[in-house]
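Here is a quick tour of a multi-chain model, written for someone who likes to check things against the coordinates. Open the structure and follow along.

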Amino acid sequence: MALDAYQKREFKQVGTRPNRPDGVDKVTGRAMYGADVTAPGMLHAKVLRSPHAHARIRSIDTSAAEALPGVKAVVTSADFGVPEDAFLLDVQDHCMAREKALYDGHAVAAVAATSIAAAKAALKLIKVDYEVLPHVTDLDEAMKPGAPVVQAGRAFENVPAGMSENVTHHCEFGHGDLEAGFAKADHVIERSFKTAATHQGYIEPNACLASVTADGKADLWVCTQGQFFYRTLCSAILGMEASQLRVTASEIGGGFGGKTMVYMEPVALALSRKAGRPVKLVLTRDEVFRATGPTVSSSMDIKIGMTKDGRITAAQARLRYSGGAFHCGTVDFGAQAAFAAYDLDAVRSLGWNVMTNRPKESAYRAPGAPLSIYAVESVVDELCQHFGLDPLEVRLKNAADKGTKSSYGPTFDQIGLKATLEAAKAHPHYAAPLGPNQGRGLSCGFWFNFGGNTCVSLSVNTDGTVGVTEGNPDIGGSRASISLMAAEELGIPYDKIRTIVADTSSLGYNDVTDGSRVTFAVGLATIKAARDAIKKMCSRAAKIWGIDEDAVEWVDGAAVPAGPNAGKFPPMTLAEIAAVSAETGGPICGHHEVNADGAGVSFGVHLCDIEVDPETGATKVLRYTVFQDAGKAVHPSYVEGQMQGGAVQGIGWALNEEYIYGADGKLQNPGFLDYRIPVASDLPMIDTVILEIPNPGHPYGVRGVGETGIVPPLAAIANAVSRAVGVRMTELPMSPPKLQKALAEKG
Amino acid sequence: MVKVLLWGTLRSAADGQAEVEVEARTFKELLDELAARYPGLEPQIKRGVSLALDGKIYREAWFTRIEPDSEVVLMPYMTGG
Amino acid sequence: MKTIQVSTTINGDPVEFICTPDETLLDVLRNRLSLTGAKEGCGTGDCGACSVTVNGRLVCSCLVLGAEAQDAEISTIEGMADGDTLHPLQRAFIEHAALQCGICTPGILVAAKALLEKNPDPTEEELRYWLAGNLCRCTGYDKIIRAVQVAAAEMRGA
C-alpha cells in the first residue's frame, strides 16, 4: 500500500484539543502582525489613488512632492517594467495603474517619507492629469453592446464572437441531453439571481515592511497567506532574483483568500529600492475596501426540472461573474461546483467573466462556489415547495455518491454527502417547531480542496524534543494540528514539539495557504518527514545494538527490535537516540517534499432557522447547525472553528454585506460602519456536527475543512427567509430594504 | 489509447468531440499529445489545466501513470481561498 | 507641528510621552511606546481591535487623542496578565479555542474584562451586545462567547 494512503488506526493524540502553541502570544498582545514590525531608519509610505472609476492617465507630475522636506522617494508605473506574462502584468497593473486608472481607488503613485504626515502631505502635491472616461460597474450593463470597454483585447479565444469586449472568458461543463431531461419533468422552474460583491473582511489591514539594500538584497516582512508566492510575484515585478528576496510571513490577522495576492508589496519594495531605506506601508481600512479583495459579483439564470416525486431530470446554469477590471477565472469554479451535490443525467453549466470598473477580484473561501450553489439550491427549494416535498428527502434522493458521474466530469470516489444529509435529517434541529414569521432553510455545499507544493523539515533535538519547520502561514490553528500529527507519528507528547513557519530562505517552495490545503498537505508532509526521521532513528538504534536496521521498528516513541529473532534489547526512546546522535552519525532530521494530490472533495449541509420582522424587514438568525465531513478532525476545536467562521461569513454575505457603487462609479461604503459584517449580537451559537469519513488520499484520512463552510449559508438563509416571508428572494444581500420591498409587493 | 473527457468550451477546438482518444501513458504525454493534435487546445493548456484520474484531481504531476481503462477528465487549473 | 508633553499611567506604570495634537492614543501606544498589542483595524471606531480602558472606561483608542491621556489611568492588553500568570479570560480563550488569527483577541479581551468588572454574571445576550463593537471575522463568535462565560464563572468562584 502506498505510504500516503489512508490506513485505519487508533489515534492517541490526533483528535484531542490541546492548547495552541501561539496562544499565549496572541492573548497577551505579543504576537507580531504585519503592522507591528519596525526597522532602523524606516520610512513610511502612502499611496495616491484614483478618484475616478475609469480614466486615462495623461501625465503625472511628482516634482513638487519630491521637493517636500522628508520625502525620500516617489514611484509611479514608470518605475516598473512591463512584464510579458499577461497574468503578471495584471498583478502589477493592479498594484500601480499604468495607462489607465481602472477603478475608484486604483493606485497611481506612492510616496515614502520620514513620517506619515509628510507622506500624506506629499500625496497632495502630486499632479495627475486624468482624462475621465465612461465607466461601468454593473456586470449586466458591461455585457451590453456599446458598454464602456474596461480593457480592450483581453478576451480569451474561448469567448464566442459578437460579445462585448468586456467578456474575457467563457466556460461550459456538463453532460447529457437537457431537452429530453426537461421533457421528463413534471415541473420546471427558471429563475434569475444576483449577488453583490463582498470583501473577505479580514480585520488586519494589509501591511508590509520592505527593505532593499544597495547591493540588491531585499527583505519583505508581510502579512500574507503565502510568502513564497509573494516572493515569486515581487521578484518578477521588481526584476530581482528570487534568492535575493527573503519574504517572512508575519502573524496574519485573517486572510480568507484575500491575502493570496500582492496589492502594494511590490510598491513598498520599489520605494525602498529608490530611497535606499526600509519602507513600511500599511493600508487604511478605506484602502482595503477600495483596492484589495473583493469577491466577484454575479448575475445568474438557473433552470431545473423535477418529477412530482422529487427526482431532478435536468438542470442548467448560466453564470455571469465579474472579477473587476481584469481577467478572472473564478466563474470556472462556480460553473463546476454548481450541481456537484447532485446525481444528474442531464446537466449543463455555462459561465462568462465580465470586466467592470471595480478592483481585481481575489479569492475568498471556495471562490465562485457559494454564488452558483446559492442559486441552484434556491431553485431546488422552490421545486420542493411546489410539490410539497421534504427538502432533505429530495436532496437525499438526488444526492451524488460514490460512482456518480459528477456535473463537472470525473466520477466521485468515496464522498460524505449522503452521510452528511442523513446526519442533518436525524438532528433534533430539523424537527424543532417554528413560530410565526419564521422559516427553516437548508442547503448543500461543496468544494474541491487541493494539496499542492509542500516542504516540511523536522529536526530531532538532542534533548528529545522536536522542531517542525513548515512554510504555510497559520491562519486558523494549523501549527497546533501539525504538531499533533508529528506527535502522533513520532509517539512523543504534543508539548515536546514546536512548529514554526519558515521564511522563503529557510525552506523549499510551499504553495499559498489556500484551497483548504494546509492540514491535508502540510500534515501529509509532516507525517512523512516524521517517518523519514523515524527511519534514521531506527538505523541509529540498529547500529548501537549491532543488528540489521531492517530488524528495528518504531513503537510508541521508541526503537524496538522487530520480533524475537532481532535480538533482545530494551526499547530505545527518541530522547535516548537523540542524546547520542552526535556520537552515532550526527544530527537527525526528517524531510519531505511533495506536490500533494488526492485532497478529496468536501461536502457540507447547513440548517438554519430565521425570523423576519414584517415591519422592518430585519432578519434574525435563531438557530444554525453546520454538518460537515472533515475526513478526520485533527484538532476538533479548530475544525469547529472553521465551520462556525465559514457559516458566519456566509450569513453576512446573505444578509448584509455588499459593495455599493454610486452612479459616479465610486464605492459608497468603504468602511466597517457601512459595510456591515456580522457582529456578536446578530448571531446565535453556531452548532456543529463533524462527520469523519476518511479521505483515502491521506494517511490519517484528513480532508480540508476551511472553505466548504462558506458555501451553504447563502442558500440556507435565502431558503429560510423565502419560506418565512412567502416570497422567493433572488438577490443577495437580503438587507432590510429589499425584504421590506418584497413584503410590500406581496401585499 | 486513453479516452480524455473535455469540458464543453474545449470541444470546439477538438472537432466538436466531447471525448478524444490519445496515445499516452502519463499526464505529460497526454498533454503534449493533446496540444499537438488539437492546436486550439494549446492556449488553455498553457494557462493551466488540472486532470482528474479515476476521480482524483491532480493539478500538476507530469509522470502520473495512466492505464488504458482509466477515466481521465481535463479540468481548469484549480485555485482556492 | 507643535508637540505636547503628556504624563499618564499605563498598566500601573508612570509614563511620559510627547505627541502631536492630532495623534491618537492608538498611534501613541503603538508608535511611541511600543505597545503594539492594540491593533488598528479601521481607525474609525468600528472594529474594536484597538480597545483599551481609560479611567476604567472602555474606549476605542483610535478615537481618543494622545493628549487626552494626561493624568489618566490607561489599561491595555499588555497589562492584563499578572507577570507570567494569565488572567482567567486569557486562559479561557486559549483553552476554549476562542481565537483563530488572533488580531481581534486583544481588543475582545480588554472589552470582556471591562464588562465583567461591571457585571460579573452577564447573560449571553448582554455579552453579545457588549461585544457587538468588537469585530471578529474568523470564529463566528461562538467560542468567544463560551470562553467569556467560562472565565466569568471562574472569576465568580462558581
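## Chain B: burial and overall shape

Let's start with burial: 41% of the 81 residues of chain B count as buried. Keep in mind throughout that this is a predicted model. As for what chain B is built from, you'll find two helices and five strands, and walking along the sequence gives the pattern β-β-α-α-β-β-β. The radius of gyration comes out at 12 Å, close to the 12 Å that the globule rule gives for 81 residues, so chain B is as compact as a globular protein of that length.

If you'd rather think in boxes, the C-alpha atoms of chain B fill one of roughly 35 × 25 × 20 Å along the principal axes. There's also the question of sequence range. Looking at contacts in chain B with a separation of 6 or more, 50% are between residues 24 or more positions apart.

## Where chain A meets chain B

How many residues does each chain bring to this contact? Chain A puts in 34 residues and chain B puts in 21 residues. On the chain A side, strand β7 (residues 167-175) gives the most, with five residues. By class, that side of chain A splits into 13 nonpolar, 13 polar and eight charged residues.

## The six-stranded sheet in chain A

Strand β7 of chain A turns up again in an open sheet of six strands, ordered β7-β15-β14-β13-β8-β27, with mixed pairing. Which strands stand at the edges? They are β7 and β27 (731-732) of chain A, and each has a single partner strand, so one side of each is left without a neighbour in the sheet.

Within this sheet, have a look at strand β13 (residues 297-306) and strand β14 (residues 312-322) of chain A. They pair in the antiparallel sense over 10 bridges.

One position to check is Phe627(A), which stands opposite Val689(A) in β26(A).

Now for Pro713(A), which sits in helix α20 (residues 713-725) of chain A. Is Pro713(A) buried or exposed? It is buried, with 31 other C-beta atoms within 10 Å, and the cut-off for buried is 20 or more. Leaving out residues up to four places away in sequence, Pro713(A) touches His606(A), Ala647(A), Gly650(A), Ile651(A) and Ala654(A). For a sense of scale, the C-alpha atoms of Pro713(A) and Ala542(A) are separated by 56 Å, with the two residues 171 residues apart along the chain.

## Two domains in chain C

The domain assignment divides chain C into domain 1 (4-79) and domain 2 (88-156). Their centres, taken over C-alpha atoms, are 21 Å apart. The contact between the domains draws 13 residues from domain 1 and 11 residues from domain 2 of chain C. Strand β3 (residues 51-54) of chain C supplies the largest share of the domain 1 side, three residues. That side of domain 1 is made up of seven nonpolar, five polar and one charged residue.

What does β3(C) pair with? Four bridges join β3(C) to strand β4 (residues 57-60) of chain C, running antiparallel, and Val52(C) has Val59(C) in β4(C) as its bridge partner. The hairpin of these strands has two residues between them, and Asn55(C) takes a positive phi near 50° there. Two bridges also join β3(C) to strand β5 (residues 73-75) of chain C, again antiparallel; here Val54(C) is bridged to Ile74(C).

## Where chain C meets chain A

This contact takes 42 residues from chain C and 43 residues from chain A. On the chain C side, α2 (88-95), α3 (105-118), α4 (124-130) and α5 (142-156) each supply at least two residues. The largest share, four residues, comes from α2(C). By class, the side of chain C that touches chain A has 22 nonpolar, 11 polar and nine charged residues.

Methods: Residues numbered from 1 in each chain as written. Chains lettered and ligands numbered in written order. Predicted model: local features only at pLDDT ≥ 70, side-chain atom pairs only at ≥ 80, totals over all residues. Contact = placed C-beta atoms within 7 Å. Nonpolar A, V, L, I, M, F, W, Y, C, P; charged D, E, K, R; others polar. Pairing = 2+ DSSP bridges. Domains from an automatic or database assignment. Rg over C-alpha atoms; globule rule 2.2 N^0.38 Å. Buried ≥ 20, exposed ≤ 12 C-beta atoms within 10 Å, placed from the backbone.
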